[in-house]
Amino acid sequence: MLEKEIHFIKGIGPKKAEVIKNELGIETVEDLLYFGPRKYLDRSAFKAIKDTFANETVTVGGNVVDAVINGRNRKYLEVIIDDGTDTISGIFFNSLNYFKKIFTPGEFVLFSGNVEFYRQKQIVHPDFDFIDEDSRIKSINTGRVIPLYRSTEKLKKLGLDSRGFRRIIRSLIDSCIEFVNDPLNKSVLKKLSLMSLKEAIFSIHFPESLEAAESARRRLSFNELFFLQYYLAVSKKYTMEENLFSDERSINDTYYKDFIKSLPFDLTGDQQNAITEIETDLKNPFPMNRLLQGDVGSGKTLVSIAASLLAYGRGDQVAFMAPTEVLAVQHYDTLSQFIPSGINFALLKGNLSAKEKNAIYKDISEGNTDIIIGTHALIQEKVIFKKLGLIIIDEQHKFGVNQRAKLREKGKCTDLLIMTATPIPRSLSMTIYGDLDVSYIKEKPADRLPITTMSFPESKIRSVYNSIKKYISQGRQVYVVLPLIQESEKVDLKSAVQEYEKLKNDVFPERIVELLHGKMSSEEKETVMQKFKQGDTDILVSTTVIEVGVDVPNATIMVIEHAERFGLAQLHQLRGRVGRGKHQSFCALIYADNVSNESLERINTIVSLNDGFQISEQDLRQRGAGNIIGSRQHGYASGFEFADIVSDIDLIIEAKKEAEEIVSGIDNVHQKFDDLQKDLRLSPLLNGIRTKRVLSILS
Ligand code: ADP
Ligand code: MG
């Protein structure tokens with residue numbers, strides 16, 4: 001029943017069904033049952049028109065008095081509504097005739113939006129919804145909330161506005177709710193204080209109160225999270241049991257030990273722990289799937305070198321992947337510095353000749369090269385390893401979702417260590433990386449001082465230049481980062497090239513200023529980075545090509561221009577290029593004088609927080625928060641319909657626990673895994689859990 005296509009539903013028919021499918025992706029009865037309202041209208045959200053103020057976002061409701069087309073040059077439609085206390089106009093600039101038709105005088109309509117005064121009270125392009133007088137009166141008398149559905153102009157033309165959807169879904173629930181299967185038994189529901197699935201589907205559409213709507217959402221959210229965790233737990237158990245290595249995986253750890261001894265400093269406790277965890281994994285009879293999470297500058301590279309040497313000591317080759325060539329080159333240099341002689345390593349980069357490349361491929365396939373470093377080309381090109389044992393992915397968040405999936409695929413029977421400096425909030429890592437083991441590096445090397453971060457409006461940039469002069473004369477180096485390479489006609493932003501000319505010729509003529517950006521050739525980039533690393537360059541003007549990974553401890557000043565153009569995570573990453581040595585470091589965030597409040601808030605967050613984990617939580621909150629009361633919040637990387645990975649962290653934890661408990665009791669996980677892959681509905685447990693959307697997260 002639930003799989004039936006919606007054109008069978010009374011009141012829909014093939015034509016509407018087609019439009020609904022195209023506009024909303026809804027195909028089946030079940031899809032429609034799970035088509036949650038985009039927001040709810042609560043009695044308390046209404047305002048009398050006379051009580052509204054300019055610049056206030058409100059919902060008002062009244063009867064249409066008139067709908068007239070005005071304007072001499074630019075025509076617009078003015079829809080006047082009256083609620084008995086005052087009138088307000090909805091102003092529309094597009095599809096005038098169409099809108100004129102739908103706002104028939106006498107209809108009761110809701111307008112939501114920002115109130116302005118312009119001759120009269122008005123809202124430009126209001127969100128509008130028709131509700132019948134009846135449900136309005138009901139809502140006022142009983143405190144009932146009204147669901148408002150996502151709709152489009154095409155749908156509205158077919159009568160499928162909120163009111164239309166309410167009617168159809170109401171009758172659909174009446175006829176189909178009995179077919180809904182609850183995958184969770186009563187005791188589990190009770191333990192987690194969740195409502196039944198039938199109740200939840202009813203209440204997500206027709207809740208008695210906003211609280212009831214929220215309880216319904218939580219129940220539906222649990223379904224999604226539970227499925228995801230179940231899927232991840234099955235996959236994990238599957239890899240552990242199915243990919244058993246037949247041989248004992250023993251490691252000759254002399255290479256690793258020599259490397260540690262050669263270091264000029266002691267490992268931090270967290271680095272040591274991470275290495276121990278990795279060593280255990282590398283000896284286990286099933287492949288490692290480990291995420292190494294540590295803030296910028298916490299010393300992840302060393303851990304990965306240790307891992308490489310352990311894998312080498314097991315007799316395997318290692319593939320080490322970085323998202324940018326600049327970073328790959330840096331890793332190669334680091335290896336050159338530390339790797340004991342006798343171990344062969346190579347760098348596969350873009351500017352090699354075909355001949356050079358072929359020689360490297362040959363060495364890899366014959367097993368002459370032990371550690372191979374490169375960008376994702378390493379995996380995509382026809383690189384054939386003789387005995388690939390470990391894949392390391394640095395800054396894995398910089399790889400696209402698809403690339404990541406491919407890499408994981410490649411790593412199925414290989415140990416996998418992925419590293420990220422963008423700290424992922426726990427809730428997110430538990431959803432997306434639920435099948436990975438995680439090592440955390442929380443402490444920074446002992447010699448580090450916290451970075452001092454300050455913000456300045458563009459007009460005060462001179463004072464920043466003055467401080468820069470002082471630190472350069474003390475021997476330090478400076479990054480100046482800009483969002484653009486070249487000046488652009490479209491946006492009024494300073495570009496890297498422009499700023500480079502200015503700093504070099506006008507501001508610091510006596511200093512050495514260099515330029516770095518992504519359009520330069522590999523050679524040029526390498527030369528510039530090399531000079532900067534050696535301390536020959538005082539100021540490096542750059543685009544975000546240096547965003548991740550770059551490590552020059554003597555560079556202690558980071559100036560980010562047009563900081564308002566960058567996101568929180570990016571600002572934190574950029575700032576992380578400094579604070580990597582024993583000297584005090586500074587970060588100056590320069591923002592345009594006409595910066596928006598929202599951007600300024602972001603900048604202030606970076607100024608006040610140094611800890612990447614806190615910043616990432618903040619990031620999630622700022623980006624994920626819905627701003628209309630009663631509206632569903634949209635997740636982050638979310639393919640979820642109902643789950644909100646910020647506020648549902650408790651549900652994520654419960655879902656993981658439940659799922660793992662169930663999965664630990666599965667005897668034939670191989671079968672289960674195949675079932676899941678083949679048809680996600682085959683498993684009786686998953687019957688009733690909507691898997692469609694959630695799977696898009698994993699793909
Ligand atoms: P990230 O975690 O951002 O990748 P890196 O691995 O690039 O950080 O390390 C940052 C800097 O800290 C490097 O210059 C590295 O040599 C240095 N470093 C790493 N571990 C330690 C340590 N235990 N003590 C002192 N310095 C360290
Ligand atoms: Mg790094």
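Visitor: In which sense do strand S17 and strand S19 pair, and over how many bridges?

Guide: Strands of a sheet pair through backbone hydrogen bonds, in either a parallel or an antiparallel sense. In this predicted model, strand S17 (residues 477-481) and strand S19 (residues 539-542) pair in the parallel sense, over four bridges. Within this pair, Val478 stands opposite Ile539 in S19.

Visitor: Which helices pack on the sheet at these strands?

Guide: Helix H19 (residues 496-507) packs there, touching S17, S18 and S19. The direction of H19 makes about 175° with that of S18. Helix H20 (residues 522-533) also packs on the sheet, in contact with S17, S18, S19 and strand S20 (555-560). For H20, the angle with the direction of S18 is about 140°.

Visitor: What is the order of the strands in the sheet as a whole?

Guide: The sheet is open and has six strands, in the order S16-S21-S20-S17-S19-S18, with parallel pairing. Strand S16 (452-457) and strand S18 (513-516) each have a single partner strand, so one side of each is left without a neighbour in the sheet. Neighbouring strands are turned by 20° against each other on average, direction ignored.

Visitor: How much space lies in the largest pocket, and which residues lie nearest its centre?

Guide: The largest pocket holds about 920 Å³ of space. Of its 35 lining residues, Phe265, Arg448, Asp551, Pro553 and Arg580 lie nearest the centre. Helix H12 (300-312) and H13 each supply at least two residues of the lining, and the largest share, seven residues, comes from H13.

Visitor: What is the make-up of the lining of the largest pocket by class, and from which domains does it draw at least three residues?

Guide: The lining of the largest pocket has 11 nonpolar, 12 polar and 12 charged residues. It draws at least three residues from each of domain 3 (254-441) and domain 4 (452-609).

Key: Residues are numbered from 1 along each chain as its sequence is written. Chains are lettered from A and ligands numbered from 1 in the order in which they are written. This is a predicted model: local features need pLDDT of at least 70, side-chain atom pairs count only at pLDDT 80 or more; totals for chains, interfaces and linings use all residues. Side-chain values use heavy atoms; hydrogens and water are left out. Two strands pair if DSSP finds at least two bridges between them. Axes are lines fitted to C-alpha atoms, for helices over the stretch in contact, and angles run from 0 to 180 degrees between N-to-C directions. Contact means heavy atoms within 4.5 Å. On a 1 Å grid over the protein atoms alone, a cavity is a set of points where a 1.4 Å probe fits but cannot get out, and a pocket is an open set with protein on both sides within 12 Å along at least five of seven lines; lining residues have an atom within 4 Å of a point. Grid points are joined across faces, edges and corners, and a volume is the space filled by probe spheres set on the points. Ala, Val, Leu, Ile, Met, Phe, Trp, Tyr, Cys and Pro count as nonpolar, Asp, Glu, Lys and Arg as charged, and the others, Gly among them, as polar. Domain bounds come from an automatic or database domain assignment.
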